[in-house]
Amino acid sequence: MPRRSRVLWAAAALTAVAPTLYFWIVSILAGDYGSRSYISTYWGSCLGWDIYDRVFPRTYLITDFPLFSYGGAPLIVLGCAGWYLSLRSGRARLGRIIGRCVAAVLLVLNLPGFLLPTLDAALGPACLDAWGPPELFSAQVGWGLYDCLPPVLVLLAVRAPRRVFVRRGPVVRTTAAVLAVTAVVLLPAASAPPGKVNAQWELGCPGFGDGTVKGLSEADKRFLCTVRYDHRYGSGLEEWNQVSDEAVLDQGRHLCALATRHGGDIRARAVQEAPQASLAIALPSLCPAVTRAEQAEEERWQAESDAYVAREERACAAHPRHRPKIRPVRQRRATMWTEFWTIEGWEDGYEGNPPDLVKDLVGSGRGALAIWAADEAGSACVTVESYTRRPPLETRGWEEVVEVGYESPSGSLQLVGGEGPTLKGLTDRGPGSYRVRVHLRGRTLVTQVPDPPDGAVELLVMVFPGTAKKPVAYK
């Protein structure tokens, strides 16, 4: 057996097993037997990542076999034995075939770990993001290069010796130099220790004091608190729980830069398709551009809401005032809003579930009143009139008229909507029995027309003393 080949076979086996031995020794000396996880999500389509994602999970069926443990060292030892026995039996060609098969198998398993991320890096930053944070990409490429070293040593070990020195061409020399430099640059980053995940009290999250962690800005701390511990998102963004603070901040800043290029809009397609897209909801804590965009959006939405409310109020004010047949004690008009079909009437101490509606218009209970006002959400132009005696019946011009009994326990009935004023003083005579007559027009319009005009729903509510309990539908 040539001495040169023995050295190369031994170097291949030691190179394969070296990372396992290194991390085993470090774990014993440091007393750290824990594991760290990095989770990266990606929704784009890049050639290298697509191939890796489809092929790599299936390689576990092979790499879980004992021959491929310890970086393939058992396979290398077995190949060395086959090569040695072939030489002893005078079948050197068979020995070279065995060695080359061992190298080919290891290269097929390990080359994708280096070539595929390198391919995506060449395709552009968007595809580079598919491989996660920069430290993960460095680790992937660095260890991919390292894992290709043992099979290369095996190929050199079984190569037939040349009789004369042959100087390699510039392409071969340049390729070897680039691979060596790349490995030297990337392996330190790949072996760098993972960063720390600070707890709530260390970051000074709301309710946990001022914090003890150093070297982070207030924006950084707020961002990390939102990502990890903001209960609006359950217990935080759980997929980032085991990722170091440094990596989370790096990904947040990367997403911030991407959002800034799109005017701070976290709903931009490029931001939504980024691998760190789940961090977008926490970006206002970290990214000034997103904060400005969110504030501008909120101001725009508020301006639209104010304009809509103003239009509805102008439309209600434009309706002619109701001219009662007899003079009421009090008449009030207001634009009232609801998000759940009805506006409610309550007396102090009787707030609760609204009563069922009669004819889907008005319902009453002791100390409680409910009146239909919108097709789920919207506004109604409401006129309320209080009387000391029963007013004449009016049905002309109204689509529906329903009257119900109402028992006032305290004489403090008030009509309340989701927005707008509260109409008080409906039960003028204090505690006792009343009748509530509700007039409605506009229901057909708002339920059948996709975009009804402003102020389409009009309600006239008459409250007067009366002992009758039975509801009556007049129209």
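**Exercise 1. Is the disulfide of Cys256 and Cys287 right-handed or left-handed?**

Solution. The model is predicted: local features need pLDDT of at least 70, side-chain atom pairs count only at pLDDT 80 or more, and totals for chains, interfaces and linings use all residues. Residues are numbered from 1 along each chain as its sequence is written, and side-chain values use heavy atoms, with hydrogens and water left out.

Step 1. Check the bond. A disulfide is taken as a pair of cysteine sulfur atoms within 2.5 Å. The sulfur atoms of Cys256 and Cys287 lie 2.1 Å apart, and the two residues form a disulfide.

Step 2. Read the torsion. The angle about the S-S bond of Cys256 and Cys287 is about 70 degrees, so this disulfide is right-handed.

Step 3. Helices (H or I, at least four residues) and strands (E, at least two) are DSSP runs, numbered from the N terminus. Cys256 belongs to helix α11 (residues 245-261), while Cys287 sits in the loop between α12 (269-272) and α13 (288-318), so the pair ties together parts that are 31 residues apart in sequence.

Step 4. Buried means under 20% relative accessible area, exposed over 50%, and partly exposed in between (1.4 Å probe, protein chains only). Cys256 has a relative accessible area of 13%, so Cys256 is buried; Cys287 is buried as well, at 0%.

**Exercise 2. State how many disulfides the model has, and describe the other pairs.**

Solution. 

Step 1. By the distance rule, the count comes to three disulfides.

Step 2. Cys205 is joined to Cys225, S to S 2.0 Å. Their link is left-handed, with -95 degrees about the S-S bond. Cys205 is in the loop between α9 (200-203) and α10 (218-229) and Cys225 is in helix α10, 20 residues apart, and the pair links distant parts of the chain. Cys205 counts as buried because its relative accessibility is 3%. Cys225 is buried too, with a relative accessible area of 8%.

Step 3. Cys316 and Cys381 form a disulfide with sulfur atoms 1.9 Å apart. This link of Cys316 and Cys381 is left-handed, at -75 degrees about the S-S bond. Cys316 lies in helix α13 and Cys381 in strand β5, so parts that are 65 residues apart in sequence are tied together. Cys316 is buried at 6% relative accessible area, and Cys381 is buried at 8%.

**Exercise 3. Describe helix α13, which carries Cys316.**

Solution. 

Step 1. The expected span of a helix is 1.5 Å times one less than its number of residues. With 31 residues, α13 reaches 45 Å from its first C-alpha to its last, close to the 45 Å expected at 1.5 Å a residue.

Step 2. The buried residues of α13 are Ala289, Val290, Ala293, Glu312, Ala315 and Cys316.

Step 3. Contact means heavy atoms within 4.5 Å. The cover over these buried residues of α13 includes α11, β1 (330-338) and β5.

**Exercise 4. Which strands pair with β9, and in what sense?**

Solution. 

Step 1. Two strands pair if DSSP finds at least two bridges between them.

Step 2. Strand β5 (residues 378-386) runs parallel to β9, joined by six bridges. Glu385 has Met462 in β9 as its bridge partner.

Step 3. Strand β8 (residues 432-441) pairs with β9 in the antiparallel sense over eight bridges. Arg441 stands opposite Glu458 in β9.

Step 4. Strand β9 (residues 458-465) is mostly covered, with seven of its eight residues buried.
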